Amino acid sequence: MSGPVHPAVPDPPHPLTSDPSHRVTPDPSHPAAPDAPRAAAPDAPPAADAVHPVDESRPLGRILLFGVQHVLVMAATPISAIFLMSATLRLTPGVTVDLLSAALLLSGVGSLIQSLGPWKFGPRLPFVMLPGGAPLILFMSIAEQHGLRTATGAVLLTAVFTFLVLPLFARLLRFFPPLVIGTMIVIVGVNLVRVGALLVTGRPGTPGFADPARLGLAFATIGLIVLFTRLLRGVLRQLAVLLGLAAGTALACAVGQVHPGDVFAGPLVGVPRPLPFGTPVFDLVAALPLMLYSLASMAEATGQTVINAEAVGKDIDIRSDVPRTVRGDALTSLFGGFFGLPLMVTSGENIGIVRVTGVRSRYVTAAAGLVLVVLGFLTPVARAISVMPSAVVGGAAMAVFAVITVLGVQMLGRARLEDHTAMVTCAVALALGLLPVLVPGVYAGFPSGVRILLESGVAVGALTAAVLNVVFHHLGRRPASAAVPAEASRPAVRA
């Protein structure tokens, strides 16, 4: 659990400081977000009862507005993930509706767990959770090779496996300093920008790829977000992304690119069906790729937790808060597996919104979670969201996701890249992690199980950075307590 908020001190040396207790403390001199409290005067007593902006409650209407903004930016991910899964595995329309309802519902439940942090689950940071990405690809691969029941069993096995290996992983956190995490965040950001771009352009080789009208709509949406950010003030400025999405959709409607269809066809309320594929089949061999990926997912959760804390200026203890994030992932995935979903993972998508808007309250993402839970039962609303032009959503997503890349670059700026070994570690990890993004299909000649893991640039980049960090900075070195230099106040995450 996070520690108390410390008053500002004059001229701190670096934006992050770390001590042997694994506490990561934001720099009070770092430019504050719009809702950050003013620094206390040097002679003022510490505000012991001060509420950190992360824990600050806001008027209900405002919280809901900000929560809806998060939902509109992230809703395309669970919807597109389920549609891709349905098309690839040739699922029936009824099963697809059940899965879509379950995806929205579990995204909401996971966001509530991570934001509110009940018991030992969730870091109490403004997080959202989503299906999709590498876990979705792995799920579909297992389903195609071994059947949907085995794929469901693999998700359940992996969730239990995550709980079992977490104590060991928590001991390895000292091998993930800002150099490793910053490299991983850059790769995450670039991957997410690519996801947003594909929503705009479509996939190469498909009809209508890079249609100029869709590109123009995406660029107009980005321009509108920038315009609102420049011209508006206060709450309206913080809603720039939401207003950009609304204005972009209105523009798309005006030029005939919105096709609503029959949004209200079918029942008003839909309840997701448990075990839509039947009784799970538990096959350890079939589940192995997903279980191996879960290790990389824990490393990614480490980066997401640190960068989220950095984005909101929250003092955290990574040895306790990172395991809380991973437990939230595992618990939500366990629930999701019973509804036929792939692994649910903590998402970095909302971090960009937090930085763009400056709204740091975790109750906003909790509100987003409640909205998602409601949407999981209201099928017409979910269908209406899916009608929003992908070019509009993709344009907004590109702008928001690029902020995550910038956050990674900021973290790398504190990783002493003037050290040659640190530079080599970062360079090699970026090269290997970005390779499948820059050259799609580069691993097409490898066996399917190996290919899926290699094509996860985040997993490869994180593993490469962690291994090289151990090689250069841990093997053959003195114990950390004896080797900490005088400049130990520089940002680092140590054991």
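**A walk through a helical chain**

The model is a predicted one, in which local features need pLDDT of at least 70 and side-chain atom pairs count only at pLDDT 80 or more, while totals for chains, interfaces and linings use all residues. Residues are numbered from 1 along each chain as its sequence is written, and side-chain values use heavy atoms, leaving out hydrogens and water.

What is the phi of R416? It is near 55 degrees, a positive value in a residue other than glycine. Most residues other than glycine have a negative phi. W119 is also not a glycine, and has a positive phi of about 50 degrees. You will find W119 in the loop between α3 and β3 (128-130). Are these two residues buried or exposed? R416 is buried, with a relative accessible area of 18%, whereas W119 is exposed, at 65%. The cut-offs are under 20% relative accessible area for buried, over 50% for exposed, and partly exposed in between (1.4 Å probe, protein chains only).

Now step back to see the whole chain. It has 19 helices and five strands, and 52% of its 495 residues are buried. Take the contacts (heavy atoms within 4.5 Å) in the chain with a separation of 6 or more: residues 24 or more positions apart account for 81% of them.

Next, look inside. In soluble globular proteins, nonpolar side chains tend to be buried together. A nonpolar core here is a set of buried Ala, Val, Leu, Ile, Met, Phe, Trp, Tyr and Cys residues joined through side-chain atoms within 4.5 Å. The largest one has 61 residues, and F169, F176 and L245 have the most contacts inside it. Helix α15 (residues 390-412) gives the most to this core, with ten residues. Apart from this core lies another, of 47 residues, among them I79, L91, M129 and A287. Which residues touch F169, leaving aside its neighbours within four places in sequence? They are F176, L295, M298, A299, T302 and V322.

Two helix pairs are worth a visit. Their axes are lines fitted to C-alpha atoms, for helices over the stretch in contact, and angles run from 0 to 180 degrees between N-to-C directions. Helix α3 (residues 93-116) and helix α13 (residues 362-377) pack at about 160 degrees, with their axes 7 Å apart. That makes α3 roughly antiparallel to α13; angles over 145 degrees count this way, under 35 as roughly parallel, 65 to 115 as roughly perpendicular and the rest as oblique. Their contact includes L104, L105 and V109 of α3 and Y363, A366 and L370 of α13.

The axes of helix α16 (residues 420-438) and helix α18 (residues 457-473) come within 8 Å and cross at roughly 160 degrees, and these two helices are therefore roughly antiparallel to each other. Among the residues making the contact are V424, V428 and L432 of α16, with V460, T464 and L468 of α18. A crossing is left-handed if the near helix is turned anticlockwise from the far one by less than a right angle, and right-handed if clockwise. The crossing of α3 and α13 is left-handed, while that of α16 and α18 is right-handed.

Finally, how many disulfides are there? A search of the whole structure for these pairs of cysteine sulfur atoms within 2.5 Å finds zero.

Methods. Helices (H or I, at least four residues) and strands (E, at least two) are DSSP runs, numbered from the N terminus.
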